[in-house]
Every structure is written in structure tokens, then in C-alpha cells.
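Please work through the following exercises with the sequence and the model side by side. Each one sets a task and then gives a solution in steps.

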Amino acid sequence: MKVLRQFLIIMIISLLGEILNRILPFPVPASVYGLVLMLTALMTGLIRVPQVKEASVILIELMPVMFIPAAVGLMTAWDKLRPVVVPVIVITFVTTLLVMGVTGIVTEKVIEKTEKGAEE
């Protein structure tokens with residue numbers, strides 16, 4: 001029953017994201033609105049991590065399965081993708097390295113700042 005309640009909380013946040021997507025005139029996906037709402041709720045304490053933790057773990061474990069339909073869709077569109085596959089692979093590789101590098105630098109800065117604050 002606990003996990004069901006956690007799924008319900010996540011679904012309500014997702015529903016609110018869908019509603020915002022319909023109301024607001026911005027080209028932002030409903031899932032992004034939902035993520036922002038969940039982040040806001042978690043940061044303000046409206047929702048605490050234990051209230052959604054188990055359901056979140058289950059959803060994260062299921063995430064790879066959710067990519068299968070997208071991969072099959074890409075396979076059926078191979079004729080259209082073939083001319084741009086090399087640029088897409090290069091862009092994906094370069095941006096992945098860039099994101100990893102920036103994330104590492106930001107993480108190091110946050111750790112340094114946290115350690116410096118703890119020493120004072």
C-alpha cells in the first residue's frame with residue numbers, strides 16, 4: 001500500500017505537469033513541468049524523499065525497458081536516418097564528453113566549497 005501511495009504522488013505531479021503543458025503557451029514538454037514541480041516540492045519540503053523513494057527506485061529500474069519502443073522506432077526509420085547517422089554519432093559523442101567534463105568540474109567546485117565551509 002505504501003508503494004501505491006508513492007506512485008499516486010508521482011502520478012499527481014505528472015498530471016499537474018500535463019495540465020501546465022495545456023495551460024501555458026510555452027514549448028515545454030509536460031514531463032519537464034512535472035520534473036520541475038517535483039523538484040520544487042522536494043526542495044520546499046512539501047514532499048519528502050521517503051514519501052516517494054521506493055516508487056522512484058522501481059521506476060528507475062524500469063527505465064531501460066522504456067527505451068525499447070524508441071529504439072524499434074529508430075530501426076523502422078533507418079532509411080531516413082542513414083544520411084545523418086555520422087553527424088548524429090559525432091554530436092552525441094562530443095556533447096557527452098562535454099557534459100561529463102562540465103559535470104566533473106562543477107562537482108569538484110561544489111565539493112571544494114562544501115569542505116571549505118565545513119573547515120570554517
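**Exercise 1. Describe the fold of the protein chain and decide how spread out it is.**

Solution. Begin with the secondary structure, which for the protein chain comes to six helices and zero strands, where helices (H or I, at least four residues) and strands (E, at least two) are DSSP runs numbered from the N terminus. Along the sequence this reads as α-α-α-α-α-α. Next, take the radius of gyration, which is 20 Å for the protein chain and well over the 14 Å that the globule rule gives for 120 residues, so the chain is more spread out than a compact globule; the radius is taken over C-alpha atoms, and the rule is 2.2 Å times the number of residues to the power 0.38. Finally, the C-alpha atoms fill a box of roughly 55 × 40 × 35 Å along the principal axes.

Before going further, note that this is a predicted model, in which local features need pLDDT of at least 70 and side-chain atom pairs count only at pLDDT 80 or more, while totals for chains, interfaces and linings use all residues. Residues are numbered from 1 along each chain as its sequence is written, and side-chain values use heavy atoms, with hydrogens and water left out.

**Exercise 2. Compare the UniProt annotation with the model for residues 7-24 and 56-78.**

Solution. The unreviewed UniProt entry places the feature "transmembrane region" at residues 7-24, 30-49, 56-78 and 84-106; such annotations may be inferred rather than shown by experiment. In the model, residues 7-24 are 94% helix and 0% strand, with their end C-alpha atoms 25 Å apart. Residues 56-78 are 91% helix and 0% strand, and there the end C-alpha atoms lie 34 Å apart.

**Exercise 3. Which residues does A55 contact, leaving aside its neighbours within four places in sequence?**

Solution. With contact meaning heavy atoms within 4.5 Å, the partners of A55 are V3, Q6, F7 and I10. Across the protein chain, residues 24 or more positions apart account for 53% of the contacts with a separation of 6 or more.
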